[in-house]
Every structure is written in C-alpha cells, then in structure tokens.
Amino acid sequence: MIRRPPRSTLFPYTTLFRSPMVKFLFMVYNQNVFHPVKRIEKQDPSLIFEPQLNSENDLIWLKAKSDGPDGEPSWKPLTDKLDQFLKPYQYGNQYGPNVVPCNNGHVPGPGQVCSVDIRHLGMNCTKENNYGYDKGTPCVVIALENIVGWIPDVYETNRLPEEMPQYLKHTAMNGNPEKKMIWVSCDGKNPVDKENLGPFAYAPGPFFETYYFPYQNLKGYLSPLVMVQFLKPVKGVLINVECKAWANNIVHNQRDKQGLVYFDILIDL
C-alpha cells in the first residue's frame, strides 16, 4: 500500500472563518453544487475533479478486480461519490422556470441558466457501467470552479498558444469557428506519467461551452462538465495527471493551482 502525506491547503481555514465577511461569502457560495469558497482577491478560475473522497486526498486508488474488506468492491466509494456529485444533473432534477436548454443559437436570457445534458458524457461513463472502475478504465469529471461574474476570453483559432497540446490545437482549428470554447486538456504530468497513462477520451469533448458563463449564483445553475475516461492506464504504478483549462484570461499557476488541477491514479493489482 502506498501512503503519501496530504497536500497542504492554500490558506488556514480555521483562522479564515473567524471573519464575518468570509462567513457571508461561504453561505452565498454554498448554494452551488460545488461549494467553492473563494478568496476575495482571486480572479482566475481553477479546475476541480471528481471523484475526490476528501479535500486532502487527490488519489484515485482502486483494485480493479478485488473486493474490499466489507465485501464491496474497493472502487465502490469512488463510484458512490460520482453518483452523489452527478445527482443534481440527473434527468428530472434540473427544473424551474429559469432553466432552459442552450446551444450556440440559443443562449440564456436575463435570470436564466442553461441545463446540462449528462447524456453527452458518454455511454461508458455511467452509473450502469460503474464509470469504468470495475474494468480498470476510470472516468473522471472535470469542471471549472465558479467565480461570480467571470467571463471567459476565448482563443481565436488562428491565435492558439504555442504551449497548447497539438491534438487540442487540431481539434480547435478543425471545429466550427463560430463555437466559442474554453478548451480542456489532460495528460500525464511528466514524460513517464504520459507513457503510463496511455490513451484517454473526452465526452462530450475537450471543452466547456461559453454560454454557461458568467456564473451569477442564480438558482438552478449547474456547471458544465467534461468527462475524461482513461482507457489503458498501467497497473501498479502511481500516475500523476495534470488537467488544464485554456482561454486568454485563464492563468496556469502551479503554486496556486490556478487554471489547472492535479490528481493521481493508482490501479493496484
């Protein structure tokens, strides 16, 4: 068994929550499904991933074909966490006069929010298929944290950054230029991680649609999602994964984890 010390948080919560202003902000933000608590000065969004069993654990660890000590599969807590996270997105749970279907021809009006169709997250990454965890091909949800009023400044397809992965550039340049996207990339953090991670697939694709933004803390709002399935990760090896969001006004800062998220995958035999 591999044990690692928990990664430190960005600031001391016990001291921070003595502030009345921060308590107020927490209550406001707590209405959202992701419960993001933001420092007031923060302007650039970060990514989150699920399943995350607790805030200090960024390890997705499963034994693909082994049972846990209580008779349940070892991956069951992870799939339960995905079930819990995705429950507000299920059909019948998204309702209200201000919740509307959106596309590039229909953006939300004042006071409206876009529904999120999780059928677009793929047939493999479903509860019925155990999100691939029983087969050692885990699905991971990626989402942007919510910052009130933040509006993405997306790239023009002829002005993509040099450091963007080539496959993502190819996808952006060969798509509909009228569709404005926040692009998403995931891969191994280091060369050895890239090799061990193997192929992966995005659903509905490596992007967030911009008509979900800005987030205005409106009732019924749900963040758009990207589902990433890792198809052939090497077993018995700890794999460091890095996912990034791409837009002109998204900064990639490893120290503050702005514009990106890290997690580890371990499929133990």
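## A bridge between two strands

Isoleucine 142 has valine 226 in β9 as its bridge partner. The model is predicted. Strand β5 covers residues 139-144 and strand β9 covers residues 226-230. These two strands pair in the antiparallel sense, over four bridges.

The pair belongs to an open sheet of four strands. Their order is β1-β5-β9-β7, and the pairing is antiparallel. The edges are β1 and β7 (200-203), each of which pairs on one side only. On average, neighbouring strands of this sheet are turned by 25° against each other, direction ignored.

## The protein overall

The protein has five helices and eleven strands. Of its 269 residues, 45% are buried. The accessible surface comes to about 14,600 Å². Carbon and sulfur atoms hold 53% of that surface.

Contacts reach across the sequence. Among those with a separation of 6 or more, 72% are between residues 24 or more positions apart.

## Three disulfides

The count of disulfides is three. With the bonded cysteines numbered in sequence order, the pairing is 1-2, 3-4, 5-6.

Cysteine 102 sits in the loop between β3 (99-100) and β4 (113-114), while cysteine 114 is in strand β4, so the pair ties together parts twelve residues apart in sequence. Both cysteine 102 and cysteine 114 are buried.

## Two further links

Cysteine 125 and cysteine 139 also form a disulfide, their sulfur atoms 2.0 Å apart. Its torsion is about -75°, so the link is left-handed. Cysteine 125 lies in the loop between β4 and β5, and cysteine 139 in strand β5, so parts 14 residues apart in sequence are tied together. Cysteine 125 and cysteine 139 are buried.

Cysteine 186 is joined to cysteine 243, S to S 2.0 Å. This link is right-handed, with 110° about the S-S bond. It connects distant parts of the chain: cysteine 186 is in strand β6 (residues 181-188) and cysteine 243 in strand β10 (residues 239-246), 57 residues apart. Both cysteine 186 and cysteine 243 are buried.

## Serine 46

Serine 46 lies in the loop between α2 (20-29) and β1 (47-50). Its relative accessible area is 4%, so serine 46 is buried. The side chain of serine 46 reaches the backbone oxygen of lysine 257 at 2.6 Å.

Not counting residues up to four places away in sequence, serine 46 touches several residues, including Ala143, Leu144 and Glu145. Gln258, Gly259 and Leu260 are also among them.

Note on methods
Residues are numbered from 1 along each chain as its sequence is written. This is a predicted model: local features need pLDDT of at least 70, side-chain atom pairs count only at pLDDT 80 or more; totals for chains, interfaces and linings use all residues. Side-chain values use heavy atoms; hydrogens and water are left out. Buried means under 20% relative accessible area, exposed over 50%, partly exposed in between (1.4 Å probe, protein chains only). A polar contact is a pair of N or O atoms within 3.5 Å; within protein, one must be able to donate a hydrogen and the other to accept it, and residues adjacent in sequence count only if both atoms are side-chain atoms. Contact means heavy atoms within 4.5 Å. Accessible areas come from the Shrake-Rupley method with a 1.4 Å probe; for residues, only the protein chains shown count as cover. Two strands pair if DSSP finds at least two bridges between them. Axes are lines fitted to C-alpha atoms, for helices over the stretch in contact, and angles run from 0 to 180 degrees between N-to-C directions. A disulfide is a pair of cysteine sulfur atoms within 2.5 Å.
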